[in-house]
Amino acid sequence: MSTTPALSHAQEKRSLHALFFLFGFGIMAWVPRFPELKENLSLSNGPFGSILTTGAIGAFLGLLTVGHIVHKYGVKIVFILSTVLVYASFAAIVHVHTPAIFIIFNVLIAFGITATHVALNTQGFHIQERSGDIVVTSSAGYWSAGALATAIVSGILVGGVGLSLHIGLLSAATALASLFYILRLTPVLVTANEHPETDYSIKDIFTSFHLDWPVSLGMACAVYLEFAVGDWGTIFTKERFEVSASLSTLPYIIFTVFMIVGRLSAHKVVERYPVDRLARVSALVAGIGFVSTISIATHLPATQKWLSYTLILIGFSLAGIGSAILGPNFTGAANRRSPHPSSVVVGQFGVTNNVLTTVLKWLVAGVIGWTDSIALALMIPGVLMIVAAFFTPYLNSEKR
C-alpha cells in the first residue's frame, strides 16, 4: 500500500491559505453595507447596533461547543455545514425587514463563522505540527488580505450594485469556491477521534474548561489594538483632522496592509530570532509607536494638520507591522500549553479572549463617552500592547 500523500505540503498549504482568504473575503463583505441593512429594518444607529451585538450569542455557543464537535466528528463535516450555514444566512439576511428575524439569522451567521474559524485553525495547527512550517501566522495574513480586498470591492459597489445582488452572488461564489478547496483537502483533513477514552461529553464542555491566564491576558492585550483601530480609527482621523472620507479610511487600510505583510513574511524572521524575543520587540514597537505618534499628532497646532496626519499614518503602520505575529503566536502557545486537542483549545481560548476583548471595548467606549476624546481612549490599546510584551516569555513554554 502506497504511503504517498494525496497532496504535497505546498498544495496543502496553498489550499488552506485560499480557504482563509475566502473566509475573510466572504464574511466581511456586508460591513460596508450596514447602512442599507439598517434601512431595511427601519432602525436608527442605536437599535441597529444593539441588534448586531446579538451575534455574540452565536459566537459564544460556537466557541464553547464546536471544538468538541470537530474532535468527535472531524473537520470536514464541520467545514461543509458551517460554510453552507454562513453563506445561506448571508444571502437570506439581506432580504429581512423584521428585527426579530434579523436577530435569528445574525446569531446563525455568528455561530457559523465561529465554527468555520475553529475548523480552519484546527486544520492549520494540524499542518503546522506535521510540517514544522509556520502555517497559522501566514494563514492569518491571508484572512486579513481577504477582509481588506472585500472592503475595497464592497466600497466600490456601494451605490452601484444592489445589496441583495451583491451579497447573494458573492455568498454563492464564495461558498462554492470554499467547498472546492475543502473537498480538495479531504485526504489531509483532521479526522474524527477514534479513541473513545479521549472523547468529550456535554458535561465535559464545562468541566474540562482550561484557563491559561498568562497566555489569555497576553493575547487580549496584543489583539485589542486591532479591534480598536477597526472600531475608532476612521472616526478619529475624520473628526480630529477634518480630512475627506477617503483619507479618513487610509490609516486603517495602512494598518491592515502592514499587518498582512508582517504575517506573510513572519517565517523569514522567525527562522533567525527566537519567537519570544521577536514578539517582545514587536509589541514594544507597535505600542510605543502608536502611543507616541498619536500623542504628538494631537498636540501639534491646527496649522500642522498634514504633518499630524502623516504621523498618524506612521503610527498605524508601526502598529500593523508590530502586532502582525502576536495573535497567531499567542494562539499557538495556548495550543501547546493545553492538555486538550487543538480543536477544543481554539474554542476555549476564543471564549476567554472574546470575554476579555468585550470588556476592553466597553472600557474604551466608556472613556470616549466620559471624556469625548477618541485620542485619549486610543491610549488604552496602545498601552495594553506595551503590557503584552511582558507576557511574551510564555510563547516558548510547553504544556503544563
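**Notebook: charged pairs, helices and one asparagine**

I began with glutamate 12, which counts as buried because its relative accessibility is 3%; buried means under 20% relative accessible area, exposed over 50%, and partly exposed in between, using a 1.4 Å probe and protein chains only. The model is predicted, so I noted that local features need pLDDT of at least 70 and side-chain atom pairs count only at pLDDT 80 or more, while totals for chains, interfaces and linings use all residues. Residues are numbered from 1 along each chain as its sequence is written, and side-chain values use heavy atoms, with hydrogens and water left out.

**Entry: the whole chain**

I counted secondary structure next and found 18 helices and 0 strands in the protein chain. Both are DSSP runs numbered from the N terminus: helices are H or I with at least four residues, strands are E with at least two. Along the principal axes, the C-alpha atoms of the protein chain fill a box of roughly 75 × 50 × 40 Å. Of the 400 residues in the protein chain, 50% are buried. I then looked at contacts (heavy atoms within 4.5 Å). Taking those between residues at least 6 apart in sequence, 85% join residues at least 24 apart.

**Entry: salt bridges**

How many salt bridges does a search of the whole structure find? I got 3, where a salt bridge is a side-chain nitrogen of Lys or Arg within 4 Å of a carboxyl oxygen of Asp or Glu. As background, side chains of opposite charge can pair when their charged atoms come close.

I returned to glutamate 12, which forms a salt bridge with arginine 130; their closest N and O atoms are 2.3 Å apart. Arginine 130 is in helix α6 (residues 99-131) and glutamate 12 in helix α1 (residues 9-27), so this pair ties together parts that are 118 residues apart in sequence. Arginine 130 is partly exposed because its relative accessible area is 45%.

I looked up glutamate 226 and arginine 263, a salt bridge with closest N and O atoms 4.0 Å apart. Arginine 263 lies in helix α11 (residues 245-264) and glutamate 226 in helix α10 (residues 213-241), so the pair links parts 37 residues apart in sequence. Arginine 263 is buried, at a relative accessible area of 8%, whereas glutamate 226 is partly exposed at 28%.

Arginine 33 and glutamate 36 also form a salt bridge, and here the closest N and O atoms are 2.8 Å apart. Is arginine 33 buried or exposed? I found arginine 33 buried, because its relative accessible area is 0%. Glutamate 36 counts as partly exposed because its relative accessibility is 22%.

**Entry: asparagine 329**

I found asparagine 329 in helix α15 (residues 326-337). Asparagine 329 is buried, because its relative accessible area is 16%. Its side chain reaches the backbone oxygen of isoleucine 325 at 2.7 Å. Which residues does asparagine 329 contact, leaving aside its neighbours within four places in sequence? I listed Thr137, Val275 and Leu395.

I checked helix α18 (residues 379-388) and found 7 of its 10 residues buried, so I wrote it down as mostly covered. Among the buried residues of α18 are Met379, Ile380 and Pro381. Gly382, Leu384, Met385 and Ala388 are also buried in α18.

Last, I looked up isoleucine 69, which is found in helix α4. Isoleucine 69 counts as partly exposed because its relative accessibility is 34%.

Technical notes. A polar contact is a pair of N or O atoms within 3.5 Å; within protein, one must be able to donate a hydrogen and the other to accept it, and residues adjacent in sequence count only if both atoms are side-chain atoms.
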